[in-house]
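The sequence and structure come before the details.

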Amino acid sequence: MIDRLAKEVDMLERHLQVLKMVIESEPIGIVKMSNETGYPHHKVRYSLRVLEEENLIEPSSQGAITTEDTGTFVEDLDGEIGEIMEKLESMKIDSMPEEESA
């Protein structure tokens with residue numbers, strides 16, 4: 001159950017790392033991103049596709065560039081992550097009740 005969540009968080013981390021690279025180095029291509037991050041080309045390509053579907057980046061002839069929605073997304077990101085972290089924190093089970101000896 002938790003392993004699926006961990007995989008999703010890892011994928012989100014990759015998407016955000018790719019987005020950060022686009023923000024800092026636009027326009028930037030798949031090969032350069034792959035070389036700098038160590039992620040295989042197909043994983044970078046998938047992250048770029050997800051970011052494009054979210055309208056956070058768009059392709060150009062020189063590589064990926066940001067859109068007008070990118071700034072708002074970045075401004076809201078910390079707050080949204082904070083809310084998720086609070087929710088996850090509230091899900092913790094502090095301890096199991098001690099079993100009575102028979």
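## Thr67

A residue is called buried under 20% relative accessible area, exposed over 50% and partly exposed in between, with a 1.4 Å probe and protein chains only. Thr67 is buried, because its relative accessible area is 12%. This residue is found in the loop between strand 2 (63-66) and helix 4; helices (H or I, at least four residues) and strands (E, at least two) are DSSP runs numbered from the N terminus.

Leaving aside residues up to four places away in sequence, Thr67 touches Asn55, Leu56, Ile57 and Glu58, where contact means heavy atoms within 4.5 Å. A polar atom of the Thr67 side chain lies 2.5 Å from the backbone oxygen of Asn55. Between Thr67 and Glu98 there are 55 Å in space, C-alpha to C-alpha, at a sequence separation of 31 residues.

## Basis of the model

This is a predicted model, in which local features need pLDDT of at least 70 and side-chain atom pairs count only at pLDDT 80 or more, while totals for chains, interfaces and linings use all residues. Residues are numbered from 1 along each chain as its sequence is written, and side-chain values use heavy atoms, with hydrogens and water left out.

## Nonpolar core

A nonpolar core is a set of buried Ala, Val, Leu, Ile, Met, Phe, Trp, Tyr and Cys residues joined through side-chain atoms within 4.5 Å. The largest one has 12 residues: Val18, Leu19, Met21, Val22, Ile28, Met33, Val44, Leu48, Leu51, Leu56, Ile57 and Ala64. Helix 1 and helix 3 (41-53) each supply at least two residues of this core, and helix 1 gives the most, with four.

Val22 touches Ile28, Met33, Leu48, Ile57, Ala64, Ile65 and Thr66, not counting residues up to four places away in sequence.

## Ser34

Ser34 lies in helix 2 (residues 30-37). Its relative accessible area is 9%, so Ser34 is buried. Beyond residues up to four places away in sequence, Ser34 touches Tyr39, Pro40, His41 and Val44.

## Largest pocket

On a 1 Å grid over the protein atoms alone, a pocket is an open set of points where a 1.4 Å probe fits, with protein on both sides within 12 Å along at least five of seven lines; lining residues have an atom within 4 Å of a point. The largest pocket has a volume of about 320 Å³, a volume being the space filled by probe spheres set on the points.

Helix 1 (2-25) and helix 4 (70-90) each supply at least two lining residues. Helix 1 gives the most, with eight. Among the lining residues are Leu5, Glu8, His15, Ile81 and Leu88.

How values were computed:
A polar contact is a pair of N or O atoms within 3.5 Å; within protein, one must be able to donate a hydrogen and the other to accept it, and residues adjacent in sequence count only if both atoms are side-chain atoms.
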